[in-house]
Amino acid sequence: MPPPPSGGAAEHLKTNALGAGGIAFLVIAAAAPLTVMAGVAPVAILVGGIGAPAGYLAAGAVLAIFAVGFMAMTRHTGGAGAFYSYITLGLGRTMGMSSGVLAVVAYNALQIGVYGLLGQQVSDAIATFTGYDVPWWVLALAAVVIVWFVGRRGIDVGAKILGVLLIAETAILALLAGAVIVQGGAPGTSALSAASFSPEAMFAPGMIGVLAFCFAAFMGFESTALYRPEARNPERSIPRATYGAVVFMGLFYCLIVWAIIQAFGNEGVLTAAAADPATLFFVAIEQYVGTWASDVMYVLIMTSVLASQIAFHNAINRYTFNLARDGLLPARLAHTHPTYGSPSVAGTVQSLLAAVVITGFAVAGADPYTDLLLKVNTPGIVGIIALQALTSVAVVAYFWRRRHTVKAWVATGCAALAAVLLSAAAIALAVHIDLLTTAEGAINVVLVGIVPVTFLVAAVAARVLKARRPAVYAGIGAVHAEDGHLPPPEPTDAVIDASTDSSTDSSTDVVTDSVTDRVTDAATDEELAP
């Protein structure tokens, strides 16, 4: 285990700060439901037709299968690094370090790119309501300061703010869906239609392309595991938050996209979306609810993006904190705030990075939407889906090696299925990447190529680290006792069977290796990996 960053007392995050609800707020807010519905779903309908709702449902189902294996690992690792910890445990230190570095790059790409959208949205709103023209980059930089401040104040403060913003944005979408359903859908139609779920709609040629938008709508839900040290009773709260988040988003997205189709009719929605996809939801809510609701939705889209930025900022900081604590990044990044228990140094550095990127795009005269948002976001989306697939492989590898001592056949089977499905999704996304980037040729190759290049460079760095600094290499993915909530030792099958008619005390007398030993064993197994 690496020494504390300061050489003194171990740094740790604020403990017992989050319950299942707070964690769920964080990860659902990261996905920005209102933004992905009003801003992206109309394009998904254009690409896939009226079968788009089924695409969101399918993506949710795949990620729910992924979550089974993902959550099965929570009681086997005391690490708080999510992808980083899980892949280290299953596939070894080299793969673990590569995954951790890729996660930091991917999450930063997701978060920093969205500042372009936020700046442009707020600039447009100010111009609409006041007539003043404020440059997008000024507003984006102001948002960086707000996000930094909230992140610095601690995860519990962020969760409360995100809870309020998330409830508001989901409420306005629910209001729209409810109004459409109550009023029976588009005028001139005889009844609400279930044609979106017909085989013809679900297997239409464009539906493969729709998956790019559908999986992107769930970005960040897997970050629940990052909050393990800050969670109350993480063995229960993290699985509840994870399953709750993915089920809610899958069903909610499906309902809202189906409702917007009903608002215009199966034929009319394609015409309306083609005419102006950016206003599809606003036209619908104005027609079915009122002008006031359209104005409220306009404001809430801005707060939705801000909430997403706060949530991703928190996730990035915790990845950075964990890698720095294990010696893979400068030790200073592992320092926490003495009062708020937040990874404040990592948060400051991440905010400065965002400010530098925003400033660079502004100086270059780049477009905040097509350049900063779409192109910077793309490696992040591809990277996260690739990491989800690799994590599923890690789950299979871990439990397969322990198949004689740990009963986890359901988790292993789900992880194997998820690995196949997520790999297929990543390939489909790469093939149809132009739908996300609106670019062509070499630009798309470079944007997708950032993911494997980052992974390979980090893998080479890991092997160099093993040769030159073996003590640091040995600490990759280490369990840190100061985090608390360490998982209990895993009993053998013999103990599990014997405990059926025995007391709890007797079933804990014989156990397998400790958590630290299991992590060490998994890391030793990395010799199987390149």
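These legends describe close-up views of a predicted model. Local features need pLDDT of at least 70, side-chain atom pairs count only at pLDDT 80 or more, and totals for chains, interfaces and linings use all residues. Residues are numbered from 1 along each chain as its sequence is written, and side-chain values use heavy atoms, with hydrogens and water left out.

View 1. Helices (H or I, at least four residues) and strands (E, at least two) are DSSP runs, numbered from the N terminus. Of the 530 residues, 57% count as buried. Buried means under 20% relative accessible area, exposed over 50%, and partly exposed in between (1.4 Å probe, protein chains only). Contact means heavy atoms within 4.5 Å. Among contacts between residues at least 6 apart in sequence, 82% join residues at least 24 apart.

**View 2. Helix 1 (residues 20-31) crosses helix 7 (residues 155-182) at roughly 65°.** The two axes come within 8 Å. Axes are lines fitted to C-alpha atoms, for helices over the stretch in contact; angles run from 0 to 180 degrees between N-to-C directions. The crossing is left-handed. That term applies if the near helix is turned anticlockwise from the far one by less than a right angle; clockwise makes it right-handed. From helix 1, G22, F25, L26, I28 and A29 take part. They meet I155, A159, L162, G163, L166 and I167 of helix 7. The residues of this contact divide into nine nonpolar, two polar and no charged. Ala, Val, Leu, Ile, Met, Phe, Trp, Tyr, Cys and Pro count as nonpolar, Asp, Glu, Lys and Arg as charged, and the others, Gly among them, as polar.

**View 3. Helix 12 (residues 280-288) packs on helix 13 (residues 291-325) at about 145°.** Their axes are 7 Å apart. Here the crossing is right-handed. F281, F282, I285 and E286 of helix 12 meet T291, A293, S294, M297, Y298 and I301 of helix 13. By class, the contact residues are seven nonpolar, two polar and one charged. S294 in helix 13 is buried, with a relative accessible area of 9%. Beyond its neighbours within four places in sequence, S294 is in contact with F282, I285 and E286.

**View 4. Helix 10 (residues 234-264) spans 44 Å between its end C-alpha atoms.** The expected span is 1.5 Å times one less than the number of residues. Helix 10 is mostly covered, with 22 of its 31 residues buried. Just after the helix, G265 takes a positive phi of about 95°.

**View 5. The model holds 12 aromatic pairs.** Rings of Phe, Tyr and Trp (its six-membered ring) pair if their centres lie within 6.5 Å; planes under 30 degrees apart count as stacked, over 60 as edge-to-face and the rest as tilted. F129 and Y298 are edge-to-face, because their centres are 6.2 Å apart and their planes stand at 80°. F129 lies in helix 5 (residues 93-130) and Y298 in helix 13, so the pair ties together parts 169 residues apart in sequence. Y298 is partly exposed, at 27% relative accessible area.

**View 6. F218 and Y253 form an edge-to-face pair.** The rings lie 5.4 Å centre to centre, with 85° between the planes. F218 sits in the loop between helix 9 (207-216) and helix 10, and Y253 in helix 10, so the pair ties together parts 35 residues apart in sequence. F218 is buried at 1% relative accessible area. Y253 is buried at 0%.

**View 7. Ring pairs link F66, F70, F83, Y86 and F221 into a cluster.**
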